[in-house]
Amino acid sequence: MSDFHHDDEFRLNTPEFNELNKRLDRRNFLTRTSLGIGALALGSLFGNSLFGGASKAEVAATGDLEADILRALPHFAPKAKRVVYLFQSGGPSQFETFDYKPMLAKMMGQNLPDSVRKGQRLTGMSANQSALPVVPSYYKFNQHGQTGTWMSELMPFTAEVVDELCIVKSMHSEAINHDPAITFFQTGNQLPGRPSIGSWVSYGLGSDNNNLPTFIVLVSKNGQKDQPLYSRLWGNGFLPSKFQGVQFRAGKDPVLFLNNPDGYDGEDRKEMLDYLSKLNQLQNAAYGDPEVDARIAQYEMAYRMQTSVPDVLSTADEPNEIFEMYGPDSRDSGTYAANCLLARKLLEKDVKFVQLYHQGWDQHTSLPSGIAAQCKATDQATAALIKDLKQRGLLEDTLVIWGGEFGRTVYSQGKLTPNDYGRDHHPRCFTMWMAGAGVKPGVTYGETDDFSYNIIKDPVHVHDFQATLLHLMGIDHERLTYKFQGRRFRLTDVEGKVVKDILS
Amino acid sequence: MTLGNITTFSGHLHPLVVHLPIGFIILAAILNLLSYRKKYENLKPAVSVTLFIGFVSAVLACLLGYILSISGDYDKTVLINHKLSGIALAIISGVLYYLSTEKVMLEVHIPRKLFSVLLISLIALMSYSGHQGASLTHGNEYISMRTLMQQVREKPASVQSAMIFEDVVEPILQNKCAQCHQGGKRKGKLSVDNLQALLKGGKSGPAIVPGKLAESELYKRVTLDPEHKDYMPADGKPPLSKNEIEIIKWWIEKAGAVEGKTMAQLKNPDSIQMQVGTYLGFHQPDNGTSNDEMSTQAVNPDIPMQTDTLAMARLRTKGLMVRLMLNKPVMLDITLPANSGVKMSEISNDLMALAKNVIWLNLSGNNFTDSDLHILKSFVNLEKLRIENNPVTDDVSNNLELLKHLEAVNLNKTKITDVAVANLKKNPSIKRVYTWGTAVKQPG
């Protein structure tokens, strides 16, 4: 009972607010001095010669370091240092890509048995259909790689690297419509407002390259934009603003205004920014608004990006064979292929989280032609990214993820003809894959029934996927929390289990 | 609500109330002495009032003290001294008050200075009584010259050199038991002063029986259910930690409750090494051990638990990314950004200081030569090494032959040949060698 009345629970209790409080607090002095003494005391823990010939600044710096070490986030030794998440927005059909269901060919056009559907909900788009005719893949499947994994003929390039992939066929989600489903995948909650995975990772682990943002987002310009993407999908939610994903534009100038305007040589820019920073700090001292901190950090980052971004965007050093590997689109900046190549260059610079989005996988109608176009636009570059990372040795510590927000139905939405059909949303099972750091290569995990309607073995929930991703980065998903509005939030909410069987 | 043990409750008030007469009587003496000066002459009447309050509180303290003495097991002689001196103190303070009242002052004239001397003597008596009381509560040795003179045992240099009784068991007992079982305060007639006293035990029998846990009263009591009336430490005093109990158990059962022996001199100390190390602060207790995800990870035991943070700080100021991969043990991932312009001579000392902690190392694209990279030999716990894009030759592979944890080596765009690959194959731990853009014909 006493806890119930404890007014602490009802107070604004975000780290920023506490920081502000601390700054204004008369106890500030005591806190600081005691922390200082604490840091000195910690010194003995680390057995260095703290006072032997070290300058004052050095001692101060290492005091911080020791505190750093004590509360260092990696809860486990990480396997992955970077992540590239190739988000296939729209819900790619598992039937025409990875989940081979030969049985369906015999049942073409027959109604989906009720014993399979078991009265589960359908979307409003196909719930009123008079029949739910089963439709097999229009495209052929073949076995590939040493593992003999079945893959559709639509992805010949991905098929070449299939031995690198850990294919999870038993993904399932809770949302049946695009926006809640993507939001769920990216933030762990169907409703907007939570931080994105990339934001959580930057918040938890910090940056490995101070000259580039930790979390960069690339949206391809050549995906069909039938379903929108909102920038909140890579937003920081309630985390401090500096952890938000930075979107590079799809086009000739991924970051605008990097070059100095005509007539200005940029020589006094640093000076100008220093004065601006002083003004901002004055403002900060007066109001203590954490957004001012974020703004100062962003100006400084922008300044550093003036040199770092042209460097990373320049393709002058890329030989022809690299462009050929990623496909003809890779020379057209802003396409999926060009973004894959750019992603590799960002990963080379130790950008921690690169997220690509490619829209247009939402084939309610004309699926055979639609999905073929989607695969053509993405397959080669996806495979090239894996090969390129592998030859550079970057696949050692980079995790590559491919997948959409849900799968598609076994039955045809709309009219079924021999050459044409559509498929509706299906969150109960779908396929995604991971490759690289920390996951077993050449593995298929989980199984669906003959209709790829229900999971029959090793289901992997979206929260499980998120927990596994964090685990590979060295984070215990249950311990990475942020207190906001009186509650500690985490990416996986109150669920999530690391899928240990796919960890190498 | 039922009324609890009111005698115990009021008895426990004694140590609280007892400080009232102390304060008032000292205040009375101070006022008395001050009143000699002209400036403070007006304080004189206050002496009488202050003494009166001192007297009343002294009587109250005596009553409460008597109640406490009934409930506790205390050293008899010390108790009698404390009791008598306390009662005397109350009476004398009463008499002095009586003498200081105006009415009496007019009839019996006591020289002013005599009164002051009496008052100061009263403080002396109070000090004596107070010391006896403190000995009862905190033990005889609580305030003694021994504390000053005593040789403080130095913290042992390692778990192996730690004396099991002197460095480990005894400090535990001192910490958790001595408050009630030492010197003047020997509840249950038990003292934990030394091993002999433990073997002798108290009212309920020997506290320790070498080799026999079931007969060792001390072990039995600390492992009871905390709600049990015989549970120790009693009265909600801080209990022994799991770790401490394990150590005591091992000491009684496996080490025959010996004294004067180091860990190294005992048989099979391995099973308790971890606990002793934790107790002595050699490693932090692992808060995460209950986490099953943690325990699935096999961490190389050779990686040190600590690191040279000064070296870390210096490397960071030189632009290297020194990333923590884990804090227990301290695993580091160090990257020198490509084209940094930093020379090996500027960083090699600091890198060497961290060598055993470095698990991933990336020195790619910095124009390092074979001679720059001889230091790699010392990175014995290294798992992943990136030295691509450096003008190194086959010679560099010689440094990597003995690194028994090395898994992956990136030698892309270097001047190596098949010789290096053949060399690296001699190291069975190396699983992946990257040789893209080199003269190597047969990738490893």
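Is A:Asp501 buried or exposed, and how many other C-beta atoms lie within 10 Å? A:Asp501 turns out to be exposed, with 12 other C-beta atoms within 10 Å. For these labels, C-beta atoms are placed from the backbone, and a residue is buried if 20 or more others lie within 10 Å of its own, exposed if 12 or fewer, and partly exposed in between. This is a predicted model, in which local features need pLDDT of at least 70 and side-chain atom pairs count only at pLDDT 80 or more, while totals for chains, interfaces and linings use all residues. Residues are numbered from 1 along each chain as its sequence is written, with chains lettered from A and ligands numbered from 1 in the order in which they are written.

A:Asp501 sits in the segment after β17 (487-489) of chain A. Along the sequence, 58 residues separate A:Asp501 from A:Val443, yet the two are 10.0 Å apart in space, C-alpha to C-alpha. A:Gly496 is also found in the segment after β17 of chain A, but A:Gly496 is buried, having 22 other C-beta atoms within 10 Å. Setting aside neighbours within four places in sequence, A:Gly496 is in contact with A:His463, A:Asp464, A:Gln466, A:Ala467 and A:His477; here a contact means that the C-beta atoms, placed from the backbone, lie within 7 Å. With A:Ala467, 29 residues away along the chain, the C-alpha separation is 5.6 Å.

Now for the chains as a whole. Chain A has 15 helices and 17 strands, and chain B has 17 helices and eight strands. Both kinds of element are DSSP runs numbered from the N terminus: helices are H or I with at least four residues, strands are E with at least two. Of the 504 residues in chain A, 46% are buried; for the 444 residues of chain B, the figure is 36%. Take the contacts in chain A with a separation of 6 or more: residues 24 or more positions apart account for 75% of them. In chain B, 62% of the contacts between residues at least 6 apart in sequence join residues at least 24 apart.

Chain B also comes with some labels from a record. An unreviewed UniProt entry places the feature "transmembrane region" at residues 12-34, 46-68, 80-100 and 112-130 of chain B. Such positions are given in the numbering used here, feature names are shortened, and annotations may be inferred rather than shown by experiment. In the model, residues 80-100 of chain B are 100% helix and 0% strand, with end C-alpha atoms 30 Å apart. Residues 112-130 of chain B are likewise 100% helix and 0% strand, and their end C-alpha atoms are 27 Å apart.

The axes of α3 (residues 19-34) and α4 (residues 44-71) of chain B come within 8 Å and cross at roughly 160 degrees. Axes are lines fitted to C-alpha atoms, for helices over the stretch in contact, and angles run from 0 to 180 degrees between N-to-C directions. α3(B) and α4(B) are therefore roughly antiparallel to each other, a label for angles over 145 degrees. Residues that meet here include B:Phe24 and B:Leu31 in α3(B), and B:Val47 and B:Gly54 in α4(B). By class, this contact of α3(B) with α4(B) has 13 nonpolar, four polar and no charged residues. Ala, Val, Leu, Ile, Met, Phe, Trp, Tyr, Cys and Pro count as nonpolar, Asp, Glu, Lys and Arg as charged, and the others, Gly among them, as polar.

Note on methods:
Angles under 35 degrees count as roughly parallel, over 145 as roughly antiparallel, 65 to 115 as roughly perpendicular and the rest as oblique. Two residues are in contact if their C-beta atoms, placed from the backbone, lie within 7 Å.
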